[in-house]
Amino acid sequence: MTSKFSYQQKIAILRILFDIVQADGQIDAREIYYFNQIKEELGLDAEARKDINDKNSLLALLQIKAFSAEQKEYLAKLIANMIVVDEDINPNEVAIYDVVREYCGLEQMFDRTIEPKQQD
């Protein structure tokens, strides 16, 4: 699935995920670990970090809005996992998910019972 994203789409995904990491004002080591796992899964190296930091979140949303249904489903799972990976579901994190879901047309509602992706 990850090969079906362009470089800019991958950057948009990671920009939104990093917004989730920062949403509660606390950056947890588990969030950074998961973020780096996704970055690796998407085939991005450390040099992509500058592009992620420079990416405007609103422009990222515009790109995500144009994703296919399959791409949006993949993103929804990533965001849900990011929200729960630190075992603290923060209202700001859920609010970002809801904004992305509404604006971009993600079908999945956030499920508070979802388990975080198992880390190797």
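**View 1. Val-99 has its place in helix H6.** Welcome to the first stop in this predicted model, where local features need pLDDT of at least 70, side-chain atom pairs count only at pLDDT 80 or more, and totals for chains, interfaces and linings use all residues. Residues are numbered from 1 along each chain as its sequence is written, and side-chain values use heavy atoms, with hydrogens and water left out. Helices here are DSSP runs of H or I with at least four residues, strands are runs of E with at least two, and both are numbered from the N terminus. Val-99 counts as partly exposed, at 48% relative accessibility; on this scale, buried means under 20% relative accessible area, exposed means over 50%, and partly exposed is in between (1.4 Å probe, protein chains only). Setting aside neighbours within four places in sequence, Val-99 is in contact (heavy atoms within 4.5 Å) with Leu-61 and Cys-104. Leu-61 is 38 residues away from Val-99 along the chain, and their C-alpha atoms are separated by 9.4 Å.

View 2. Follow the chain from the N terminus and the elements run α-α-α-α-α-α. Of the 120 residues in the protein, 46% are buried. Take the contacts between residues at least 6 apart in sequence: 76% of them join residues at least 24 apart.

**View 3. Helices H1 and H2 cross at roughly 175°.** H1 covers residues 7–22 and H2 covers residues 29–41, and their axes come within 10 Å. Each axis is a line fitted to C-alpha atoms, for helices over the stretch in contact, and angles between N-to-C directions run from 0 to 180 degrees. The crossing angle makes H1 roughly antiparallel to H2, a label for angles over 145 degrees, while under 35 counts as roughly parallel, 65 to 115 as roughly perpendicular and the rest as oblique. From H1, the contact is made by Leu-14, Leu-17, Phe-18 and Val-21; from H2, by Glu-31, Ile-32, Phe-35, Ile-38 and Lys-39. Sorted by class, the contact of H1 with H2 has seven nonpolar, no polar and two charged residues. Here Ala, Val, Leu, Ile, Met, Phe, Trp, Tyr, Cys and Pro count as nonpolar, Asp, Glu, Lys and Arg as charged, and the others, Gly among them, as polar.

**View 4. Phe-35 lies in helix H2.** Is Phe-35 buried or exposed? Phe-35 is buried, with a relative accessible area of 2%. Beyond neighbours within four places in sequence, Phe-35 is in contact with Leu-14, Leu-17, Phe-18, Arg-49, Ile-52 and Met-82.

**View 5. Ring pairs link Phe-5, Phe-67 and Tyr-74 into a cluster.** How many aromatic pairs does a search of the whole structure find? There are three, with rings of Phe, Tyr and Trp (its six-membered ring) pairing if their centres lie within 6.5 Å; planes under 30 degrees apart count as stacked, over 60 as edge-to-face and the rest as tilted. Phe-5 and Phe-67 form a tilted pair, because their ring centres are 5.4 Å apart and their planes are at 55°. Phe-5 lies in the segment before H1 and Phe-67 in the loop between helix H4 (57–65) and helix H5 (69–84), so the pair ties together parts that are 62 residues apart in sequence. Phe-5 is buried at 6% relative accessible area, and Phe-67 is buried at 5%. Their C-alpha atoms are 9.0 Å apart. Not counting residues up to four places away in sequence, Phe-67 touches Phe-5, Gln-9, Ile-13 and Lys-72.

**View 6. Lys-65 lies over the face of Tyr-103.** The distance from Lys-65 to the ring centre is 4.4 Å.

**View 7. Glu-87 has a positive phi of about 60° although it is not a glycine.** Most residues other than glycine have a negative phi. Glu-87 sits in the loop between H5 and helix H6 (91–104). With 67% relative accessibility, Glu-87 counts as exposed.

Methods. A charge sits over a ring if NZ of Lys or CZ of Arg is within 6 Å of the ring centre and within 35 degrees of the ring normal.
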